[in-house]
Amino acid sequence: MRFELTPRTNSPTVMRVFASVAAFITAFLIAGFVIWLMGRSPIAAFDVYVLQPLSDPWSLQELIVKATPMALIAIGLSYCFRANLWNIGAEGQYVIGAVLGGWLALRTHGTDAGAWVLPLMLLLGVIGGALWGLIPAFLKTRFGVNEILTSLMLVYVAQLILDYLVRGPWRDPKGFNFPQSVTFDPSATLHPILEGGRVHYGAVFAAIAVLVTAIVLGRTLFGYRLKLTGDAPRAARFAGFSSKATILAVFAISGGLAGLAGISEVSGQIGQLQPSISPGYGFTAITVAFLGRLNPIGILVASLVVALTFIGGESAQIMLKLPLDLTQAFQGILLLCVLAADAMVSYRIRFVTRGGGK
Amino acid sequence: MKADVPPSGQPLVELKGISKRYGDLLANDGINLSIEPGEIHALLGENGAGKSTLVKILYGVIEPSAGEIRLEGRPVTIGSPVEARALGLGMVFQHFSLFDELTVAENIAVALSGDWSLSTVREKLGEISGTYGLALDADRAIWTLSAGERQRIEIVRCLLQNPRLLILDEPTSVLTPQEAEHLFTTLDRLSAEGCSILYISHKLEEVRRLCRRATILRGGRVVATIDPRASSAREIAALMVGNAVGDIRTDAPHHPQGETLRVSNLTMPPAGLHGQALRDINLAARAGEVVGIAGVAGNGQSELFAALSGERLADHAETIAINGKPSGTMGIDARRRVGAAFVPEERLGHSAAPTHSLSENTLISHASTEVSRSGFILMNAAKRVARSIVQSFDVRTPEGDPQARKLSGGNLQKFVIGREIIRRPKLLIVDQPTWGVDAGAARLIRQALVDLAREGSAVVVISQDLDELFEVADRMAVIHQGTLSPLRPIGEWTKEAVGLEMLGVAQAEGGVHAI
């Protein structure tokens, strides 16, 4: 006996929405079962993971803070993924954005440089991320090197550069030998939107990115070009769209947004450079992009859902002694359920018994 | 005209009344064919004559609608290639199925059914290589090998199963002449040992070199079984393309004006392993006329289309002039802006995006026209354009703005041709305009092409369908192995002459030189 997938001729929107809901429920049931196997109450876990963060104002702010970098990066990745180009190195572009933007913050440290510092830092963050993203794009267009490998390997290069800088030349001389830079001046700090709040202006950048992307992908020739490149590459060449230009453009965009996420996080959240500035946002954003089906609004929602699993995971670690790995496992389960639901909406599954069908 | 080699004893394989129907199309119509033990039997025919269908039936890839296959007199059903191999049939396809990163021995081992250790494979490989002169290094990776060497692997794979019949589908299409000669020696030796060979080709010289009997297919039927050495190339060509003279065009003679397209000394290397080089092509199309390019598939048509459309660029701008402007180094969109339009052979994935709606599909070639403004898509304008194409070209579609893949082949072809004609191009280049299209749609498309020309545009039609070209073309040339014959008025061509050009023997018959 074997499976056969036959495409469905029509799949109504109602079915797609229902499939998404079903995917979430299934993911929670599977996770609940795993938690039950570990000898904890799935009900209590659901309370800690989902209900408590959503009912506590501090957690809600934290949710937005955590969702911001993931949304920014995933929005950028959606440009690449729509065109079937696989930028796996957003984590590295995020780091280089933070490094280049952070460099200006350290150069102007203690100089009363003024209000131009922060905008220029953000711009440098975008440029740094874009340049780091253009390396795999250039290698692909010039030499045909697989972008998955190069973009991924450049993550480690970026992390080691950051590591070297904060342990060596950029280390705070008064920092008791801790591997970290000085704390950024107020002029180099991305401020909270509300006085005393946690949510910084990075969230506004993410919202703008969502809106602009919704327009670019849905309404412009450039957006159609990406869709055509992904769905029918020969037709894209026939349309006269240069594939090299497409590759360079989407890698610059996704690298730039990852770099913006990096410098926003460093300047708005951490306040200094240190060896670790991301709990893997650049990789989790890949999950976020696909959970949101490469749709800008979908990505916004997905980034909040995944941020919830991060926060819930932290409190579950404290309150239920559940390992943090479970959070990552749950993110994986969720993605698989959503992809499976998608497949079942688009295809009909047939069981073929041996000898039964030709 | 019958073969002078009488069938001796029991044939190895006998096909009786094999038919295959696809919808309205009869790809094979009551085909009878017998292959003697140790015989090299040729299967000749134009593209679309039904050769591949017949061979796939014999190799168990597709199931016949009617008819019987006998192996040594015993009726058999061949349900799959695995069963075919078990019965002693081996096949070497035109396109190889090899893993680039694996070695020769590994590639052979993965394809064999049963228990074969790598060392046994190496041993047998050595034996077979020695016996048949198929030199192969067992430990080389595939990506380092030439096409000829790759083909040897496919042949060795078959020979390891001790086949009684070896089927080769256009085996020399990827080989150099030297490699081809080497292959022929191997085949002669195999045949001397009693292995039958079914040799599919449209190259007459090879068939004459190898075979005593040839079965000629046209339109899914057997038209003759002959001894290719006893018949002239002229006779065989006539059999392959048919004797019937095409309908004489009845509309008023056109008055061609200036040259809209001029191609001068276009030469291009092949794009890949299976590609065809273009050699010194000269071509002109004048406003008001339809120029036809005939030829058997794989002789450089797609390469010529890519060069004309700008999907591949020429080295010099002057090589291709469109509307008098040197365009050889312009991309496809720039050529569109100087007044050209293009329709490639492949509908799904090349001229249209299957999962995109018809209105989105208009963007593919109208991107820089009325459907966009400063980078933004005017979706309503695109929908309007799609609707007017649907109406003007009688495209039968499901309700609304359906995805391109929901249209039948004929209707999608009407749409993509309509999409170009509605732009009123000064030059239209079409590759295989009615390939796989129903008769009604084909008639509408041909009429639209002629109408466009009569309104003062130049139309170039690349087609394998000779009847079509005789119907629509004012002047015609034949492409063979990347070389284009002189362009002559359609009245000066006979089907026989076209057939000879298609086989590349026109000059040989004329006594100039042999190919």
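Predicted model: local features only at pLDDT ≥ 70, side-chain atom pairs only at ≥ 80, totals over all residues.
Student: What distance separates the centres of domain 1 of chain A and domain 2 of chain A?
Tutor: Residues are numbered from 1 along each chain as its sequence is written, while chains are lettered from A and ligands numbered from 1 in the order in which they are written. Domain 1 of chain A covers 1-31 + 322-358 and domain 2 covers 41-305, with bounds from an automatic or database domain assignment. Taken over C-alpha atoms, their centres are separated by 29 Å.

Student: How do the residues of domain 1 of chain A that touch domain 2 of chain A divide by class?
Tutor: In this meeting, 5 residues of domain 1 of chain A contact 5 residues of domain 2 of chain A (C-beta atoms, placed from the backbone, within 7 Å). Ala, Val, Leu, Ile, Met, Phe, Trp, Tyr, Cys and Pro count as nonpolar, Asp, Glu, Lys and Arg as charged, and the others, Gly among them, as polar. On the domain 1 side that gives 4 nonpolar, 1 polar and no charged.

Student: Which word describes how helix 11 of chain B and helix 12 of chain B lie to each other?
Tutor: Helices (H or I, at least four residues) and strands (E, at least two) are DSSP runs, numbered from the N terminus. The axes of helix 11 (residues 358-366) and helix 12 (residues 379-392) of chain B come within 8 Å and cross at roughly 95°; axes are lines fitted to C-alpha atoms, for helices over the stretch in contact, and angles run from 0 to 180 degrees between N-to-C directions. Angles of 65 to 115 degrees count as roughly perpendicular, under 35 as roughly parallel, over 145 as roughly antiparallel and the rest as oblique. Helix 11 and helix 12 of chain B are therefore roughly perpendicular.

Student: Which strands stand at the edges of the open sheet in chain B?
Tutor: This sheet has 4 strands in the order 12-11-14-15, with antiparallel pairing (at least two DSSP bridges between two strands). Each edge strand has a single partner, so one side is left without a neighbour in the sheet; these are strand 12 (278-286) and strand 15 (325-326) of chain B.

Student: Which helix gives the largest share of the side of chain B that touches chain A?
Tutor: Here 23 residues of chain B are in contact with 15 residues of chain A. The largest share of the chain B side, 4 residues, comes from helix 11 of chain B.

Note on methods:
Contact = placed C-beta atoms within 7 Å.
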